[in-house]
Amino acid sequence: MKSTPLSLIAGVVALAAVTGFAALTVPGDDGATEAKAAARLPVERSSLLCPAPSTSDLAETTYTSFTPAAKDGPKDGTAELKAAEALPADEDEPADGKTGDADDKADADDKKKTEADDKEKAADSKPVVSLKDLGKPVTAETSKSGAPALVGTATDRFAPGWTTQQTTTAAAGGARGLLGVSCTAPDTDFWFPGASTGASRQDYVHLTNPDDTAAVADIELYGAEGPLKSDVGEGITVPARSSVPLLISTLTGEAAENVTVHVTTRSGRVGAVVSAAEDEVGSDWLAASADPAGTQILPGIPADATSVRLVAFAPGEDDADVKVQLLGKNGTFSPAGNDTLHIKSQMTASVDLKNVTRGEPGSLRLTPTDGSRTPVIAALRVVRGTGAKQEVAFIPATGPVGERATVADNRAKGSVLSLTAPGKTAKVKVTASAGSEGGEAAVKTYTVKGGTTLEVTPEAPAGLKGGYALTVETESGGPVHAARTLTIPEGGIDMFTVQTLQDDGGTVEVPEAEQDLSVLDD
């Protein structure tokens with residue numbers, strides 16, 4: 001007799017809930033078992049990585065962590081972010097070059113230093129951010145120069161839809177600006193159109209490894225004429241549970257105003273994000289573009305943008321020709337003189353769209369002109385203000401909000417939500433969560449007309465104290481893409497940052513086997 005115990009089925013379900021993928025082959029059927037209509041179950045584990053925020057003594061960083069409320073699901077779980085360097089090292093690994101021999105004694109200075117380091121490590125090993133309740137964000141702040149990257153995991157009830165926002169205000173200096181980023185999940189492949197190795201830019205790619213073994217990454221750079229020569233972009237080791245920032249201009253001897261950065265891993269996984277600082281303009285984080293696709297949507301261009309630059313890249317062997325359209329407040333139109341863009345294979349293309357929104361909020365849509373659907377990636381460099389009061393932000397191409405998407409760290413003033421429906425008219429529900437220090441959640445429904453962008457100031461929670469999260473859920477109609485703009489006035493400058501919202505992957509499909517697998521006879 002051959003048997004497949006029920007625990008195997010449970011194991012497949014658990015694997016799918018954690019990873020989003022599971023396969024089951026039944027003994028004797030050569031993998032021919034078909035799956036019934038898949039059920040959707042909440043994920044049981046999520047990981048997030050936040051880059052090191054700033055080396056400036058004038059920077060202040062806020063972390064806001066949040067998991068949407070749920071009616072059903074497990075009652076237990078945790079969601080914690082800790083300093084990457086503070087996670088436990090291998091016990092058999094010598095520290096500070098010493099052998100670990102019990103007979104070896106450090107001198108008095110070494111002992112004092114070791115004790116001080118131990119106390120610092122013990123303090124840093126405590127969670128920087130730890131969630132307590134669903135539907136209510138938790139915040140933490142630091143003004144520490146050289147604050148570390150964070151590595152975090154959420155389990156059970158806190159895993160579905162877990163998100164964390166890192167927001168840094170740098171009031172002065174070369175990295176002046178409002179730098180916002182949604183902490184990323186670890187992966188093996190990232191594209192960043194919109195970076196630069198030019199003299200006026202200081203761009204760093206931050207690689208963070210959440211795992212217990214080292215990761216090895218490769219970084220490729222592409223300019224307007226093709227690949228940029230680099231002798232040091234291959235085989236970059238990211239040690240276990242640590243973060244490595246790399247100045248992009250040191251990876252090549254070629255200066256290029258518009259660069260596409262491609263990060264892949266040979267082994268392991270990393271979180272990757274680019275910090276971009278531009279002389280006399282400002283700074284912000286550049287998040288990864290959506291995966292290469294024939295059509296790309298870049299939502300949330302502010303109405304008062306004074307300069308918009310589109311940067312696009314075709315990673316395959318074929319050139320791409322795309323139609324450039326702005327989805328505005330009342331309809332769709334092509335920017336005068338820039339209705340199409342030719343993107344040569346493996347060459348970074350760019351076009352200055354200037355003040356394309358002309359006082360109205362908008363989103364950009366790229367679609368193929370020749371029906372070939374050559375995959376592309378894209379991002380926008382957006383500037384608000386003029387002269388000494390300029391400030392910059394970046395908007396990468398992003399997927400739709402899907403079933404649900406969330407952005408954290410919204411304030412009583414300064415948060416604006418941009419919703420665009422590139423296809424059919426859609427209806428979405430927007431929930432403003434309870435505040436981190438008090439307040440009641442508020443819910444409002446919006447209809448987004450097809451081919452337009454709707455900009456709304458979210459209805460803040462009643463009695464709001466602290467920050468809150470915004471959750472967007474699609475109720476009907478076509479796909480909706482979304483972005484949140486956060487503006488904070490500082491020194492007479494409207495500093496701002498834009499974060500796109502993408503389906504949080506809070507549930508996964510788990511197939512049901514056609515056969516009863518409890519007992520299978522010979």
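S275 is found in strand β17, where strands (E, at least two residues) are DSSP runs numbered from the N terminus. At 12% relative accessibility, S275 counts as buried, since buried means under 20% relative accessible area, exposed over 50% and partly exposed in between (1.4 Å probe, protein chains only). The side chain of S275 makes a polar contact with the side chain of H206 at 3.4 Å; a polar contact is a pair of N or O atoms within 3.5 Å, and within protein one must be able to donate a hydrogen and the other to accept it, while residues adjacent in sequence count only if both atoms are side-chain atoms. Leaving out residues up to four places away in sequence, S275 touches Q202, D203, Y204, H206, D284 and W285, with contact meaning heavy atoms within 4.5 Å.

The model is predicted, so local features need pLDDT of at least 70 and side-chain atom pairs count only at pLDDT 80 or more, whereas totals for chains, interfaces and linings use all residues. Residues are numbered from 1 along each chain as its sequence is written, and side-chain values use heavy atoms, with hydrogens and water left out.

In the loop between β17 (271-278) and β18 (282-286) lies E280, which is listed below with two other residues by accessibility.

| Residue | Relative accessible area | Class |
|---|---|---|
| E280 | 71% | exposed |
| K354 | 59% | exposed |
| P239 | 40% | partly exposed |

Phi of E280 is near 65 degrees, a positive value in a residue other than glycine, and K354, in strand β24 (residues 348-354), likewise has a positive phi, near 55 degrees. P239 sits in the loop between β14 (236-238) and β15 (242-247), and its C-alpha atom is separated by 7.0 Å from that of T213, 26 residues apart along the chain. Not counting residues up to four places away in sequence, P239 touches N209, A214 and V244.

Beyond its neighbours within four places in sequence, V263 is in contact with T188, D189, F190, F192, V205, L207, D218, I219 and A272.

A search of the whole structure finds three aromatic pairs, where rings of Phe, Tyr and Trp (its six-membered ring) pair if their centres lie within 6.5 Å, and planes under 30 degrees apart count as stacked, over 60 as edge-to-face and the rest as tilted. F190 and F192 form a stacked pair, 6.4 Å centre to centre with 10 degrees between the planes; F190 is buried at 7% relative accessibility, and F192 is buried at 0%. The ring centres of Y222 and F313 are 4.8 Å apart and their planes stand at 45 degrees, so this pair is tilted. Because Y222 lies in strand β12 and F313 in strand β20 (residues 305-313), the pair ties together parts that are 91 residues apart in sequence. Both Y222 and F313 are buried, and ring pairs link W191, Y222 and F313 into a cluster.

Methods: Helices (H or I, at least four residues) and strands (E, at least two) are DSSP runs, numbered from the N terminus.
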